[in-house]
Amino acid sequence: MREVLRVPAGGRLDLRRFDPRAVPAGPTGKAAGVAATAAMAERLASLQERLYAASTAGSRKRLLLVLQGMDTSGKGGTVKHVIGLFNPSGCRVRAFKAPTEEEHGHPFLWRVEKALPEPGEIGIFDRSHYEDVLIARVRELVPRSTLGRRYTQINRFEEALAQDGVTVVKVFLHISHDEQRKRLLERLDNPDKHWKFDPGDISERSLWPAYQDAYALALERCSTDAAPWYVVPSDRKWYRNWAVTTLLLEHLEAIGPQYPKGEFDVEECRARLIAT
């Protein structure tokens, strides 16, 4: 799936060419998709344990999943359904909101650096440092010259992460304008979901074209060999979950973590233990 979903290199990116309801590879139906996602759980758990075990012997390998997407695209749902397949004690989840007063007093990457996973961990960002070239661009919160420098800073930052053992998996959850309306209406129609609804979401919908342009530019300028972007069709929630799970499995298998060898005499320890 890494090759199927990866943002193509070179040229301008037009998100209108990506169908949010597409099923480009893998299961073609919900039941098969849910079953295929569940079938990956055991392998994911094994790889996660090996990743952590390797860190006890000095490995700096870790994985960072970056989730971006329009409101209702399923960032929280992805965390719930996909990350739920892992041991939560080995995961570090961070949801980025509007910067605090303290965070405003630092460079924009400062709060991101503080939230990075430790060696052996799997980190998940619900939104990320990309908000500083997305909403900042759409809402014109900083000069365009500052935005231009930020793309370069992000690329350098992610390159440094890769060199330090972090596998960065950046996923854009791509939904359609109509699907977002449907999901917002579902929240309005269900009192138990009112806590998830913000009237400001309606105003943000009027900026949909600007956000699509901002996302396209961010994906285009910041999809690198060290940290490529993947566009996951997300109108179908089951497919979104399968695709993200598959991407995580492929990246963990590429890391190939191994259990470290014990630095002790197994037979001598066995004999001592039996004697107790």
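Trainee: How do you know that the radius of gyration of the protein chain agrees with a compact globule?

Mentor: With 276 residues, a compact globule would have a radius of gyration near 19 Å. The protein chain has 21 Å, so the two agree. Keep in mind that this is a predicted model. The C-alpha trace spans about 75 × 45 × 40 Å along its principal axes.

Trainee: What share of the residues counts as buried?

Mentor: Of the 276 residues, 46% count as buried. The chain exposes about 14,400 Å², and carbon and sulfur atoms supply 51% of that area.

Trainee: How many helices and strands are there?

Mentor: The protein chain has 13 helices and five strands. Look at the contacts too. Among those with a separation of 6 or more, 81% join residues 24 or more positions apart.

Trainee: How many aromatic pairs does the rule give?

Mentor: The count is five. Take tyrosine 130 and tryptophan 229 as an example.

Trainee: Why is that pair of tyrosine 130 and tryptophan 229 called edge-to-face?

Mentor: The ring centres lie 4.9 Å apart, and the limit for a pair is 6.5 Å.

Trainee: What does the pair of tyrosine 130 and tryptophan 229 tie together?

Mentor: Tyrosine 130 lies in the loop between strand 3 (122–126) and helix 7 (131–138). Tryptophan 229 lies in strand 5 (residues 229–233). The pair therefore ties together parts that are 99 residues apart in sequence.

Trainee: Why is tyrosine 130 called buried?

Mentor: Its relative accessible area is 1%, and buried means under 20%, so tyrosine 130 qualifies. Tryptophan 229 has 1% relative accessibility, so tryptophan 229 counts as buried by that cut-off.

Trainee: What makes the pair of phenylalanine 172 and tyrosine 215 tilted?

Mentor: The angle between the planes is 35 degrees. Stacked needs under 30 and edge-to-face needs over 60, so 35 degrees is tilted. The centres are 4.6 Å apart. Phenylalanine 172 sits in strand 4 (residues 166–174) and tyrosine 215 in helix 11 (residues 208–221), so the pair ties together parts 43 residues apart in sequence. Both residues are buried.

Trainee: Which residues touch glycine 69, leaving out those up to four places away in sequence?

Mentor: They are Lys75, Arg127, Phe172, Leu173 and Tyr215. Glycine 69 is found in strand 1 (residues 62–69). Its relative accessible area is 1%, under the 20% limit, so glycine 69 is buried.

Trainee: Which residues form one aromatic cluster?

Mentor: Trp238, Tyr239 and Trp242 do.

Trainee: How do you know that arginine 94 is close enough to count over the ring of phenylalanine 96?

Mentor: Arginine 94 lies over the face of that ring, at 4.5 Å from the ring centre. The distance limit is 6 Å, so the distance passes. The charged end of arginine 150 sits over the ring of phenylalanine 108, 4.9 Å from its centre.

Trainee: Are cysteine 91 and cysteine 222 buried or exposed?

Mentor: Cysteine 91 has a relative accessible area of 14%, under 20%, so cysteine 91 is buried. Cysteine 222 has 0%, so cysteine 222 is buried as well.

Definitions and conventions
Residues are numbered from 1 along each chain as its sequence is written. This is a predicted model: local features need pLDDT of at least 70, side-chain atom pairs count only at pLDDT 80 or more; totals for chains, interfaces and linings use all residues. Side-chain values use heavy atoms; hydrogens and water are left out. Rings of Phe, Tyr and Trp (its six-membered ring) pair if their centres lie within 6.5 Å; planes under 30 degrees apart count as stacked, over 60 as edge-to-face and the rest as tilted. Helices (H or I, at least four residues) and strands (E, at least two) are DSSP runs, numbered from the N terminus. Buried means under 20% relative accessible area, exposed over 50%, partly exposed in between (1.4 Å probe, protein chains only). A charge sits over a ring if NZ of Lys or CZ of Arg is within 6 Å of the ring centre and within 35 degrees of the ring normal. The radius of gyration is taken over C-alpha atoms; the globule rule is 2.2 Å times the number of residues to the power 0.38. Contact means heavy atoms within 4.5 Å. Accessible areas come from the Shrake-Rupley method with a 1.4 Å probe; for residues, only the protein chains shown count as cover.
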